[in-house]
Amino acid sequence: MSTEETSAPTAFALLGGEQKVRELVDRFYDLMELEPEFAPLRAMHPTPLDGSRDKLFWFLCGWLGGPDMYVERFGHPRLRARHLPFAIASAERDQWLRCMAWAMQDCGIEQALQERLMQSFFNTADWMRNQAG
């Protein structure tokens, strides 16, 4: 057996590849723009959201185990450093997570994969906090 045959599929593959990641990212930002509860989160992003959509798509592809499009374009993500200009406390973390959870539900992502991804998203989002609270 080759290594490829014995290794578990990546979250990227389980999700459905680039097309599904793009769908998820687009739904995430659509919700951010449409739902009043996400207005504070939306205010942290530039207008229009095209660049933000692309950057999250590129990042998530690699983060989920697919092609490293973000790294190819920008180098190491340096997530915490890139987010330091924004005040991120528990409320902002939770808002981002709520928006992503809603997007995953709307995109029909399998429940077990949603739970797996939400744990990983929480760990990353929690690490991004740079304000008390």
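Buried means under 20% relative accessible area and exposed over 50%, with a 1.4 Å probe and protein chains only. Helices are DSSP runs of H or I, at least four residues, numbered from the N terminus. This is a predicted model: local features need pLDDT of at least 70, side-chain atom pairs count only at pLDDT 80 or more, and totals for chains, interfaces and linings use all residues. Residues are numbered from 1 along each chain as its sequence is written, and side-chain values use heavy atoms, without hydrogens and water.

**Helix α3**
- The buried residues of α3 are G17, V21, L24, V25, F28, Y29, L31 and M32.
- They cover an arc of only 155° around the axis, which puts them on the same side of α3. The arc is that of the directions from the helix axis to the C-beta atoms.
- On the other side of α3, Q19 and L34 are exposed.

**Q114**
- Q114 sits in helix α9 (residues 111-127).
- Q114 is buried, at a relative accessible area of 8%.
- Neighbours within four places in sequence aside, Q114 is in contact (heavy atoms within 4.5 Å) with A101, M104, Q105 and I109.

**Largest pocket**
- The lining of the largest pocket draws its largest share, 7 residues, from α5.
- Two or more lining residues come from each of α5, α6 (69-74), α7 (79-83), α8 and α9.
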